[in-house]
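I opened this notebook to keep track of what I looked up, going from the whole chain to single residues.

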Amino acid sequence: MSLSRQQLVLLVLLTLVWGINWPIMKFGVTGFPPLTFRALCMWLGLPLLGGFLWLRRVPFTIGREHWPELALLTVFNMFFWHTLAILAVQSLSSGRAAILGYTMPVFSAVIGALWFGQRLVTRAWAGVAAAALGVVLLLWHEITTLSGRPLGVAMMLVAAATWAVGTQLMRRTRIAAPTLAISFWMTVATTLWMSTLALLFERGQWLAPNPAQWAAIAYNAVGVFAFAQVAWLVLARELPPIASTLSVMFIPVLGVFSGAWWLGEVLHWQDWTAVALVMLSIATVLWPARSTAAT
């Protein structure tokens, strides 16, 4: 299946928005409480997301019998990811956080094989090994460097793994509602969750964001929560596997090099090697087999 011009433009924008968001998040939480930063982003983005659903006349209603499953999806797709990723990016470089975060497809492949009985070919297991080696390189550098933050690496890996579980659960959801409505209510619950955490743990650190921090908050609210999530969900069912694979592969690369360019983050040989290994890993896990691509 070929991409239309509109799909191609949206895919390029999605890759750019998500890729350069890593250094923007890093900049936004430097000197600012991270949980509060994420909560503000979501409070600003939520009305825009709701307005989009209203304009598209997407029904908001989800049957009460589906609420437990919706809660489970929210915990694994949103709660862990948004909490741990925003905390980890404060202690890690934005590039390393991006590399570790986008090990999610590899975790998803392993979880699918071990938990849901999906067959994983030898090529995919080789990709898993490549990703693991990349993570070991980054973790080794964080431990051996005086300013290292191995806890940040651990949080980012847990975030990626739980997001992978959520992805598998989302593919098997029995909720009889549009995906956009599910996404809206997951965002509502996560906004309340992040606000509660910010109130409990960061109230004493609250301060008014400066203009640059407001710009980072606005970028996340509009670019990530109002545009990227919605556009990806709209396109996800129509994109060919190769297109989605290329998008996922380039996001951490953009995160690494935009962070180095904008924030002056120093790239070590471990970073370069980890980028190559994770890209190789994602390609081997997600790139369709020749027969599947032909189909």
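The entries below follow the order in which I looked things up.

**Basis.** I am working with a predicted model, in which local features need pLDDT of at least 70 and side-chain atom pairs count only at pLDDT 80 or more, while totals for chains, interfaces and linings use all residues. I number residues from 1 along each chain as its sequence is written, and side-chain values use heavy atoms, with hydrogens and water left out.

**Whole protein.** I looked up the elements and found 12 helices and 0 strands, where helices (H or I, at least four residues) and strands (E, at least two) are DSSP runs numbered from the N terminus. I then noted that buried residues make up 53% of the 295 residues; buried means under 20% relative accessible area, exposed over 50%, and partly exposed in between, with a 1.4 Å probe and protein chains only.

**Cores.** I looked up the largest nonpolar core, which has 63 residues, and Trp22, Phe37, Ile86, Leu100 and Met156 touch the most other members. Such a core is a set of buried Ala, Val, Leu, Ile, Met, Phe, Trp, Tyr and Cys residues joined through side-chain atoms within 4.5 Å. Apart from it lies another core of 9 residues, including Leu46, Leu53, Leu180 and Val230.

**Trp22 and Ser94.** Leaving aside neighbours within four places in sequence, I find Trp22 in contact (heavy atoms within 4.5 Å) with residues including Trp81, Ser94, Met156 and Ile251. Ser94 lies in helix α4, residues 94–101, and it counts as buried because its relative accessibility is 0%. Not counting residues up to four places away in sequence, Ser94 touches Trp22, Pro23, Lys26, Val89, Gly255, Gly259, Leu263 and Glu265.

**α4 against α7.** I looked up how α4 packs with helix α7 (residues 150–171), and the angle is about 35 degrees with the axes 8 Å apart; axes are lines fitted to C-alpha atoms, for helices over the stretch in contact, and angles run from 0 to 180 degrees between N-to-C directions. Ala97, Leu100 and Gly101 in α4 meet Val153, Met156, Leu157, Ala160 and Trp163 in α7.

**Leu48.** I ended with Leu48, which lies in helix α2, residues 34–55, and counts as partly exposed because its relative accessibility is 41%. Leu48 touches Val222 and Ala226, not counting residues up to four places away in sequence. The C-alpha atoms of Leu48 and Ala226 are separated by 5.6 Å, although the two residues are 178 residues apart along the chain.
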